[in-house]
Amino acid sequence: MPANPKYLTQSKWQRFAKITAAILGGYFVSVTFHLALASWFNRANILITMAFSGFILWVALMVVAFLAKNGWKIWMVYITLSLIFSLLIYVGQTYNPTAQ
């Protein structure tokens, strides 16, 4: 049974924003989150765990992107989270350079 058209996004730009936020934005947030953890904790353990938990987090962020009303707002949320995690990576590598 096909989806009811009244529940689908009508705007092509919103559809594009949601799809790209789901795929690219979710991936960036997932990777930067795990790299931020790796800069503060045991790097080898986090990166091995990332093979599984990173994929699960990425899929969860994809679902969140498609549940959002506005694709551009979810992009802003994902960019903000990626920048926060990038800042944590920088701080972690500066103050904890031997997290192995």
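This is a dialogue on how some labels in a predicted model are assigned.

Trainee: Why is Tyr78 called buried?

Mentor: The relative accessible area of Tyr78 is 2%, and buried means under 20%, so the label applies. Tyr78 sits in helix 3.

Trainee: Which residues does Tyr78 touch, leaving out those up to four places away in sequence?

Mentor: Tyr78 touches Ala21, Gly25, Gly26, Val29, Leu61, Met62, Val64 and Ala65.

Trainee: What makes a set of residues a nonpolar core here, and which residues have the most contacts inside the largest one?

Mentor: The members must be buried residues of the listed nonpolar kinds, joined through side-chain atoms within 4.5 Å. The largest core has 13 residues, and those with the most contacts inside it are Ala21, Val29, Ala65, Ile74 and Tyr78. Helix 1 (12–40), helix 2 and helix 3 each give two or more residues to this core. In soluble globular proteins, nonpolar side chains tend to be buried together.

Trainee: What is Ala65 in contact with, apart from neighbours within four places in sequence?

Mentor: Ala65 is in contact with Lys18, Ala21, Ala22, Ile74 and Tyr78.

Trainee: Why is the pair of Phe55 and Trp58 called edge-to-face?

Mentor: A pair of aromatic rings is described by the distance of the centres and the angle of the planes. For Phe55 and Trp58 the centres are 6.4 Å apart, and the limit for a pair is 6.5 Å, so the rings count as a pair. Their planes stand at 80°, and over 60 degrees counts as edge-to-face, so that name follows. Phe55 and Trp58 both lie in helix 2 (residues 43–67), three residues apart, about one turn of the helix.

Trainee: How many aromatic pairs are there by this rule, and which residues do ring pairs link into a cluster with Phe55 and Trp58?

Mentor: The count is five aromatic pairs. Ring pairs link Tyr27 and Phe28 with Phe55 and Trp58 in a cluster.

Trainee: How do you know whether Phe55 and Trp58 are exposed or partly exposed?

Mentor: Phe55 has a relative accessible area of 51%, and exposed means over 50%, so Phe55 is exposed. Trp58 has 23%, which lies between the cut-offs of 20% and 50%, so Trp58 is partly exposed.

Notes:
Residues numbered from 1 in each chain as written. Predicted model: local features only at pLDDT ≥ 70, side-chain atom pairs only at ≥ 80, totals over all residues. Heavy atoms only, no water. Phe/Tyr/Trp six-rings, centres within 6.5 Å; stacked < 30°, edge-to-face > 60°. Helix = DSSP H or I, 4+ residues; strand = E, 2+ residues; numbered from the N terminus. Buried < 20%, exposed > 50% of the residue type's maximum accessible area, 1.4 Å probe, protein only. Contact = heavy atoms within 4.5 Å.
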